[in-house]
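This report describes how the parts of one protein model are arranged. Please consult the sequence and the structure shown here before reading on.

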Amino acid sequence: MTTAREPIPPGAVSSIRGRRQVPALRGATGIGLVSATGALAFGGDVGHALGVAAVTVVTAMPLLRVSWLVFRWTEERDWRFVALGVALLGVVGLGALLALTGVGGD
């Protein structure tokens, strides 16, 4: 049975740890490094695909980390940081949507 966490008192350290986050970030770093190295080593379509994969990983990991932090802040009931994290993800999402629709392009 899962119980709700109590809010963290000011000045206290969070009890939520990144036990899953750290290995995921290390794995993503490895994938990005291997993809970028492969993009440099291979040419043509394979190199292009590996380059796209590397850029995708490098772009996605900070967004996933902010999403993880929003989850943690929600559990800690730190609504100010939840709002800031959601706002940041919203701005990035809006920018991606505008880029996909071609707004601002020549």
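Among contacts in the protein between residues at least 6 apart in sequence, 51% join residues at least 24 apart, where contact means heavy atoms within 4.5 Å. This is a predicted model, in which local features need pLDDT of at least 70 and side-chain atom pairs count only at pLDDT 80 or more, while totals for chains, interfaces and linings use all residues. Residues are numbered from 1 along each chain as its sequence is written, and side-chain values use heavy atoms, with hydrogens and water left out.

The protein contains 3 helices and 0 strands, and its pattern along the sequence is α-α-α. Helices (H or I, at least four residues) and strands (E, at least two) are DSSP runs, numbered from the N terminus.

Of the 106 residues, 17% count as buried, that is, under 20% relative accessible area, with exposed meaning over 50% and partly exposed in between (1.4 Å probe, protein chains only). The protein exposes about 7,900 Å², of which carbon and sulfur atoms supply 69%; accessible areas come from the Shrake-Rupley method with a 1.4 Å probe.

Two packed helices are described by the angle between their axes and the distance between the axes. The table gives these values for two pairs.

| Helix pair | Axes come within | Crossing angle |
|---|---|---|
| H1 (residues 21-41) and H2 (residues 44-76) | 7 Å | roughly 165° |
| H2 and H3 (residues 79-101) | 8 Å | roughly 155° |

H2 is therefore roughly antiparallel to H3, a term for angles over 145 degrees. Axes are lines fitted to C-alpha atoms, for helices over the stretch in contact, and angles run from 0 to 180 degrees between N-to-C directions. H2 passes H3 in a left-handed crossing, meaning that the near helix is turned anticlockwise from the far one by less than a right angle. Residues of H2 in this contact include Leu63, Val66 and Trp73, and those of H3 include Phe81, Val86 and Leu89. By class, the contact of H2 with H3 has 11 nonpolar, 3 polar and no charged residues. Ala, Val, Leu, Ile, Met, Phe, Trp, Tyr, Cys and Pro count as nonpolar, Asp, Glu, Lys and Arg as charged, and the others, Gly among them, as polar.

The crossing of H1 and H2 is also left-handed. The residues of this contact divide into 12 nonpolar, 6 polar and 2 charged.

Pro62 is found in helix H2 and is partly exposed, with a relative accessible area of 44%. Pro62 and Leu25 are 37 residues apart in sequence and 9.4 Å apart in space, C-alpha to C-alpha.

Methods:
Angles under 35 degrees count as roughly parallel, over 145 as roughly antiparallel, 65 to 115 as roughly perpendicular and the rest as oblique.
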